[in-house]
Amino acid sequence: MPKATSSTFRVQPTSAAARPKKGSDSSASVAGGAGGGGARNHLFDTARFGQHILTNPLVAQGIVDKANLKPTDIVLEVGPGTGNLTVRILAACRKVVAVEMDPRMAAEVQKRVLGKPEQKKLEVMIGDFVKADLPYFDVCISNTPYQISSPLVFKLLSHRPILRCAVLMFQREFALRLVAPAGTKLWGRLAANVQLYARVEHIMKVGKGNFRPPPQVESSVVRIMPRDPPPPVKFEEFDGLNRIIFSRMNKTIRAGFKAKGVAELAEKNYRTWCAEQGVIIEDGFDIREKIDTILLESGYADNRAAKMDVDDLLKLLAAFNVAGM
């Protein structure tokens with residue numbers, strides 16, 4: 001992982017970062033959800049970072065309640081914005097580490113607790129969450145900037161030690177793809193990869209009117225509970241299999257492996273494995289025949305990825321692993 005581009009932030013109450021720009025109306029601050037209407041946020045450049053500030057206090061409190069926080073918890077918050085969620089999280093846990101890309105929003109979060117007991121419980125990191133080295137935390141809560149939805153999920157699932165749970169706001173379509181069961185329209189590679197490592201549940205719908213600026217799409221909140229211990233599966237292998245079969249998920253698994261370039265890559269990987277294991281490859285070896293044999297013996301040759309659940313995918317992966325692929 002690259003070195004963190006984030007840094008711990010401390011703001012003085014009189015700093016320029018903490019003051020509105022000249023000519024702006026401080027009453028328009030989205031921190032409290034007040035101010036004039038309209039889609040554009042005139043105080044903070046939220047569009048630049050893909051952020052939509054959650055302004056409904058009932059929704060914010062509902063998200064915190066769904067995390068089932070303990071007084072001893074350390075909570076990671078991604079994209080705190082102006083702190084509407086942050087102040088509620090601080091009231092329920094021991095410490096909050098907030099990762100924020102926009103320095104001006106980071107300053108606003110600090111202002112929310114300046115001179116209060118909660119100030120000592122808040123640490124703000126400025127920088128790119130995806131590139132940051134994360135500290136220890138028990139729970140993650142996030143009104144997620146939509147463009148980092150997928151990287152955020154997989155970074156949390158790969159974090160060690162394993163977190164207890166994450167309560168995350170996403171674009172509705174992305175959230176429904178996360179929780180989709182096998183055999184449904186939205187089931188796919190994303191759901192399979194996430195559900196291998198965690199239980200995921202949809203817990204709340206959030207309408208456009210609860211944000212400023214309002215997003216163009218509806219949102220949903222999901223709760224992700226990582227499996228502990230995680231399954232003893234190499235993610236790269238599981239995802240590699242899913243890339244092949246979900247690219248043509250309504251066709252048979254056998255047809256998926258006949259796609260252009262799949263056999264060539266499989267043969268390259270197999271020959272590498274044989275060289276490492278000291279296995280001699282016979283003359284006239286045909287990787288396509290080997291793949292077909294594995295699929296037939298596994299019983300999945302004529303199945304379709306759209307109908308296969310995580311257990312089926314693991315069994316298919318195991319069949320290839322046994323054969324050295």
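## Annotated site and pocket

Gly79 is buried, at a relative accessible area of 9%, where buried means under 20%, exposed over 50% and partly exposed in between, with a 1.4 Å probe and protein chains only. The model is predicted, so that local features need pLDDT of at least 70 and side-chain atom pairs pLDDT 80 or more, while totals for chains, interfaces and linings use all residues. Residues are numbered from 1 along each chain as its sequence is written, and side-chain values use heavy atoms, without hydrogens and water.

| Residue | Place | Relative accessible area |

Helices (H or I, at least four residues) and strands (E, at least two) are DSSP runs numbered from the N terminus. An unreviewed UniProt entry annotates His52, Leu54, Gly79, Glu100, Asp128 and Asn143 as "binding site", and such annotations may be inferred rather than shown by experiment.

Beyond its neighbours within four places in sequence, Asn143 has contacts (heavy atoms within 4.5 Å) that include His52, Leu54, Gly79 and Phe211. The Asn143 side chain also reaches the backbone oxygen of His52 at 2.8 Å.

Turning to the largest pocket, 22 residues line it, with Glu237, Ala266, Asn269, Asn321 and Met325 nearest its centre. A pocket here is an open set of points on a 1 Å grid over the protein atoms alone, where a 1.4 Å probe fits, with protein on both sides within 12 Å along at least five of seven lines, and lining residues have an atom within 4 Å of a point. Helix H10 (262–277) is among the helices that each supply at least two lining residues, and H10 gives the most, with eight.

Technical notes:
A polar contact is a pair of N or O atoms within 3.5 Å; within protein, one must be able to donate a hydrogen and the other to accept it, and residues adjacent in sequence count only if both atoms are side-chain atoms.
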